[in-house]
Amino acid sequence: MTATPTPRVTIRDVASRAGVSKGAVSLAFNHKPGLSEATRDRIFRAARELGWAPNLTARTLAGSRVDVVGLAVCRPARMLGLEPWYMEFVSGVESVLAEHSCSLLLRLVRNVDEELRVQEAWWRGRQVGGSILVDFQAGDPRVGLVEGLGLPVVAVGHPSLTGGLPSVWTDDATAVTEAVRYLAALGHRRIARVGGAAALGHTAIRTAAFDEAAGALELAGAWQVATDFSGDAGARATRSLLTSAAPDRPTAIVYDNDVMAVAGLSVAAEMGLRVPEDVSLLAWDDSQLCRLTHPTLSAMSHDVHGFGAEVARTLFSVITGGEGASHPVPTPVLTPRGSTAPPR
């Protein structure tokens, strides 16, 4: 007896299940405007239930070369353009993609929920061959999503945050500890840190490492302030830390990025404080910004361009069926310059 073939699911079936038009389904899977988030969610749920995905004839993932890699970043466009770290990172990624005649599909998202929808739409719509995931949080929901979809990814984050996904990371805890020990060795006993967004996993790792290092060194004072990485937030945090009269204010401040450190340098000048005579400043990521200030900024330096390139190479290994083994890149090293000195 011949089995009755299972009818092929079409876009019309998905539209009917979701209670929308075929055009709405197309908008959802191409991530175009014009639909509410509730409608998008309903369409994606209907597609999952029916096991349907768009059939793009331009290329198929099975057996084809990878033409596009995705990267979604949760940052305002204006802020992203001001962050040297991301520009260097993307440059490193692009250097490897160019070797494979591959393009980067960059998308700015407002939150992790939007990124979940974007990643699903990219994969179901056959728009990417794999994705780079950044800015992990504890219990990050992207782990379960990409595993369920079978989407090839590389995670930029410590394995404690990335749930077993192939990952590449920097040793943030060791770098923070080195920064605090360096400042303490100069004689600083009251040290502050202006950190990034508290919800981010690497911020939490740095926060814990700072507390542990400060405790081990028995500092007289240790402060930490969470921000959003912007220059404005860095300036506000610096102003708050330095408003206390000596000797109750910190004599050294570590910043989680170069943009905030430059802003902090401006605030110190505004308040009539000399750097490094009255307060020493240390930036987390070295960049051209750190070398253009007066005095030049001491910084934790690492090869961000090389980091991005290594992330891209690892993703291609995952996509082509290789191991895509998780591994760290070299730990940032301290580069002393004019903004740090023993306290007066």
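A salt bridge is a side-chain nitrogen of Lys or Arg within 4 Å of a carboxyl oxygen of Asp or Glu, and by this rule the count comes to 19 salt bridges. This is a predicted model, in which local features need pLDDT of at least 70 and side-chain atom pairs count only at pLDDT 80 or more, while totals for chains, interfaces and linings use all residues. Residues are numbered from 1 along each chain as its sequence is written, and side-chain values use heavy atoms, with hydrogens and water left out.

**Charged side chains**

- Side chains of opposite charge can pair when their charged atoms come close.
- Arg-75 forms a salt bridge with Glu-83, with the closest N and O atoms 2.9 Å apart; Arg-75 counts as buried (under 20% relative accessible area, where exposed is over 50% and partly exposed lies in between, with a 1.4 Å probe and protein chains only), because its relative accessibility is 10%.
- Glu-83 is also buried, its relative accessible area being 6%.
- Glu-114 and Arg-107 form a salt bridge whose closest N and O atoms are 3.4 Å apart; Glu-114 is buried at 7% relative accessibility, whereas Arg-107 is partly exposed at 24%.
- Arg-142 and Glu-115 meet through their side chains in a salt bridge of 3.1 Å, N to O, and because Arg-142 lies in helix H7 (residues 142-149) and Glu-115 in helix H6, the pair ties together parts that are 27 residues apart in sequence.
- Both Arg-142 and Glu-115 are buried.
- Salt bridges with shared partners join Glu-37, Arg-107, Arg-110, Glu-114 and Arg-117 into one network.
- Arg-117 is placed in helix H6 (residues 112-124), where helices (H or I, at least four residues) and strands (E, at least two) are DSSP runs numbered from the N terminus.
- Arg-117 counts as buried because its relative accessibility is 13%.

**The sheet**

- An open sheet with mixed pairing is formed by 6 strands in the order E7-E6-E8-E9-E10-E12, where two strands pair if DSSP finds at least two bridges between them.
- Strand E7 (221-226) and strand E12 (333-335) stand at the edges, each with a single partner strand, so one side of each has no neighbour in the sheet.
- Strand E6 (residues 190-195) and strand E8 (residues 252-255) run parallel and are joined by 4 bridges, and the bridge partner of Ala-192 in E8 is Ile-253.
- Helix H12 (residues 258-270) packs on the sheet, touching E6, E8 and strand E9 (280-283), where contact means heavy atoms within 4.5 Å.

Notes:
Axes fitted to C-alpha atoms, helices over the stretch in contact; angles between N-to-C directions.
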